[in-house]
Each structure stands twice: as structure tokens, then as C-alpha cells.
Amino acid sequence: MNITQILLQTVTDAKVGFIISAIIGYSLYKIIAVINRKKLQSSNDNCNETLNYMQMYADNYKLVLVIRTDLKMGKGKIAAQCAHAAVAAYKAATKYPEFLYAWEKCGQAKITLKVDSENALKEIAKQARTVGLLANIIQDAGHTQVKPGSKTVCAIGPGPAQMIDNVTGHLKLF
């Protein structure tokens, strides 16, 4: 066998190998695409069922930020703590896309309420979690106006307004 025949055989083997690899790769791509399409359709069906269920019991969604007034925080500090709480609430809600979707469709309402102690803040969060609402308490790092670890704001929701009102309806607006 001379060098030309060896090169020809090598080139032919490489072409055949490439063609087989391309066919296998394309087949796997198509199989995975079909599986993902079925998963997405199933997920959308479940989301629609959940949204329909929730819409029967709530026509409005909101996020409530409960602020401690006993800490005597300045306006800027309160704004920063509320922003931390809103971001934490959003991050927690990403695990429940149907809540986010419904809240976004309702205009992403945010309401600020007030309590006068850490115990009241913790109790509101506990009540919210008990009924199945998302609740996140923000603890300050303590670099400026309050002691490190101070619980400053509790975000409740986003969730059905009626459920949130059952927990926070007695609180006054901030």
C-alpha cells in the first residue's frame, strides 16, 4: 500500500466518521427539542391551571412592605431597606412564576405599612408564612443608622391581595 492509498483511506474514514457524527448529533438535537417542547407545554398547562385557580380567589396581587418605625430610620435608609426587601421578595417569588406573572399583570402594586417593634414585625411575618404567603425579613448590616442585625422591613408577597389583607389589614399606612 503506497502513501496515496493510505491518505485516501484516512480521508475516507474521516469523512465517514464526520457524517456519522453529524447524523447522531442532529438526531440527539431533535430528540431533546421534542422533550423540551413537551416539558414547556406541560409547564404552561400547569401554570395556566394555577393562575385560573388563583384568579377565582383573588382578582388583585400586591407586595406589602412592613416598616419598623421604632428604629427612627431616615427617609433614605427606609427607602434602601424597602428596596432590599422588594428585591428579596422578587428573588423568592421567582420560584413561583405564577405569582410573579399575576402580580405583573396587576401593575406590581407595592404598599408600605408600619409596625412599632421587632416583635410585631416577626409576628406579621409568621402569620403570613402560616397562611402560605412569601415573607422576607431584612436585617441591616449596621454600617449607618441602626445596629448590625436589626430587622428593619418585612416584605410580604407578592401574593393575592385578599390573603395579604387578612394578615396586614389592621396595620396603618406608612
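Analyst: Let's start with a definition: a residue is buried under 20% relative accessible area, exposed over 50%, and partly exposed in between, using a 1.4 Å probe and protein chains only. This is a predicted model, so local features need pLDDT of at least 70 and side-chain atom pairs count only at pLDDT 80 or more, while totals for chains, interfaces and linings use all residues. Residues are numbered from 1 along each chain as its sequence is written, and side-chain values use heavy atoms, with hydrogens and water left out.

User: Okay, overview first. How many helices and strands does the protein have?

Analyst: Helices (H or I, at least four residues) and strands (E, at least two) are DSSP runs, numbered from the N terminus. Here you get five helices and five strands, and from the N terminus on they run α-β-α-α-β-α-β-β-α-β.

User: And which share of the 174 residues counts as buried?

Analyst: That share is 32%. For the surface itself, accessible areas come from the Shrake-Rupley method with a 1.4 Å probe, and for residues only the protein chains shown count as cover. The protein's accessible surface comes to about 11300 Å², with 58% of that belonging to carbon and sulfur atoms.

User: How do I read the contacts along the sequence?

Analyst: A contact means heavy atoms within 4.5 Å. Take the contacts between residues at least 6 apart in sequence: 73% of them join residues at least 24 apart.

User: Now salt bridges. How many does the rule give?

Analyst: The rule asks for a side-chain nitrogen of Lys or Arg within 4 Å of a carboxyl oxygen of Asp or Glu. The count is six. One of them pairs Asp165 with Lys62, with the closest N and O atoms 2.5 Å apart. Asp165 sits in helix H5 (residues 161-168) and Lys62 in strand E1 (residues 61-68), so this pair ties together parts 103 residues apart in sequence. Asp165 is partly exposed at 35%, whereas Lys62 is buried at 13%.

User: What about Arg68: buried or exposed?

Analyst: Buried, with a relative accessible area of 7%. Its side chain meets that of Glu118 in a salt bridge (3.5 Å, N to O). Arg68 belongs to strand E1 and Glu118 to helix H4 (residues 118-130), so the link joins parts 50 residues apart in sequence. Glu118 is partly exposed at 26%.

User: On to the rings. How many aromatic pairs turn up in the whole structure?

Analyst: A pair of aromatic rings is described by the distance of the centres and the angle of the planes. Rings of Phe, Tyr and Trp (its six-membered ring) pair if their centres lie within 6.5 Å; planes under 30 degrees apart count as stacked, over 60 as edge-to-face and the rest as tilted. The search finds three pairs. Among them is Tyr26 with Tyr29, a tilted pair at 6.3 Å centre to centre and 35° between the planes. These two tyrosines are three residues apart in helix H1, which means about one helical turn separates them.

User: What kind of pair do Tyr96 and Phe99 form?

Analyst: A tilted one, at 5.9 Å centre to centre and 40° between the planes. Tyr96 is partly exposed at 36%, but Phe99 is buried at 15%. Ring pairs link Tyr61, Tyr96 and Phe99 into a cluster.

User: Which residues make the nonpolar surface patch?

Analyst: Patches take residues with over 30% relative accessible area and no salt bridge, joining like charges within 9 Å and nonpolar side chains (Val, Leu, Ile, Met, Phe, Trp, Tyr) within 5 Å. Here Val16, Ile20, Ile24, Leu28, Ile31, Ile32 and Ile35 make a patch of about 630 Å². Ile31 is found in helix H1 (residues 3-57).

User: Last one: how many disulfides are there?

Analyst: A disulfide is a covalent bond between the sulfur atoms of two cysteines. The cut-off is a pair of cysteine sulfur atoms within 2.5 Å, and the count comes to zero. As for the cysteines, Cys82 is buried at 10%, and Cys154 is buried at 0%.
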